[in-house]
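Colleague: I am new to reading models like this one. Could you walk me through a few features, one at a time?

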Amino acid sequence: ESMPRISLDEYKDRMKANQSHIYYIVTPSKAAAFESPYLEQYKKEGLEVLILTESIDEFVMTNLDTYAKHKLQSIETFDAQYDGYVQHKTKMAAEGKDADGNELSEEAKEEAKKARDLAVSK
C-alpha cells in the first residue's frame, strides 16, 4: 500500500490554526512509522505528520530546517503538547470552548476538566 505523496505547500495549507511546526518522522517504512510510539501523541492531537522513508530525507530535513517560516520538526525530539495549536486548544478548553472558540457541551467541559486535573496530578 503506497502513501500519497504531498508537497510541503500542501502540508502547510492543511496545518491547524496556531500550529507551530511542520512535523515529520524518518523511518525505513510506513509500517515502522505507524509502530512508532512518537506518532501516537500527534495523532491524538490531530496534528498531521509527514512520513519520510527515503534515505536522503533525514539529511534534507535537518539541513533545510524551516519551510515557509515554519520549523521542520522531527516528532522524535519534540513533545506535541508544546505545539501552538495544542496550547491554544488547551487554553480554550480551560475557558469551556473548542479550538475554534465555540462553547463546549457540558459533557465536553467535564472531560476537559478531568484532563486538566490529570495533567496537574502528574
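Modeller: Start with alanine 68, which sits in the loop between strand 3 and strand 4. Helices (H or I, at least four residues) and strands (E, at least two) are DSSP runs, numbered from the N terminus. This is a predicted model: local features need pLDDT of at least 70, side-chain atom pairs count only at pLDDT 80 or more, and totals for chains, interfaces and linings use all residues. Residues are numbered from 1 along each chain as its sequence is written, and side-chain values use heavy atoms, with hydrogens and water left out.

Colleague: What is the phi of alanine 68?

Modeller: First the general idea. Most residues other than glycine have a negative phi. Now the case here. Alanine 68 has a positive phi of about 50 degrees, although it is not a glycine. Aspartate 65 also is not a glycine, and its phi is positive, about 65 degrees. Aspartate 65 lies in the loop between helix 4 (57–64) and strand 3 (66–67).

Colleague: Is alanine 68 buried, partly exposed or exposed?

Modeller: Use the cut-offs. Buried means under 20% relative accessible area, exposed means over 50%, and partly exposed is in between (1.4 Å probe, protein chains only). Alanine 68 has 40%, so it is partly exposed. Aspartate 65 has 37%, so it is partly exposed too.

Colleague: Which residue meets aspartate 65 in a salt bridge?

Modeller: A salt bridge is a side-chain nitrogen of Lys or Arg within 4 Å of a carboxyl oxygen of Asp or Glu. The partner of aspartate 65 is lysine 71, at 3.3 Å, N to O. Lysine 71 is partly exposed, with a relative accessible area of 33%.

Colleague: How many salt bridges does the structure hold?

Modeller: It holds six. One of them joins arginine 14 and glutamate 48, with the closest N and O atoms 2.5 Å apart. Arginine 14 is in helix 1 (residues 8–14), and glutamate 48 is in the loop between helix 3 (37–45) and strand 2 (49–52), so the pair ties together parts that are 34 residues apart in sequence. Arginine 14 is partly exposed at 46% relative accessibility. Glutamate 48 is partly exposed at 29%.

Colleague: Which residue forms a salt bridge with glutamate 45?

Modeller: Lysine 89 does, and the closest N and O atoms are 2.8 Å apart. This pair links distant parts of the chain: glutamate 45 is in helix 3 and lysine 89 in helix 5 (residues 84–94), 44 residues apart. Glutamate 45 is buried at 15% relative accessibility. Lysine 89 is partly exposed at 24%. Lys44, Glu45 and Lys89 are linked in a network of salt bridges.

Colleague: Now strand 4. Where does the side chain of serine 74 reach?

Modeller: Serine 74 is found in strand 4. Its side chain reaches the backbone nitrogen of glutamate 76 at 3.2 Å. Serine 74 counts as buried, at 12% relative accessibility.

Colleague: What does glutamine 73 touch?

Modeller: Contact means heavy atoms within 4.5 Å. Not counting residues up to four places away in sequence, glutamine 73 touches His21, Ile22, Tyr23, Tyr24 and Phe78. Glutamine 73 lies in strand 4 (residues 70–74). With a relative accessible area of 8%, glutamine 73 is buried.

Methods: Polar contact = N/O pair within 3.5 Å; in protein donor to acceptor, adjacent residues only side chain to side chain.
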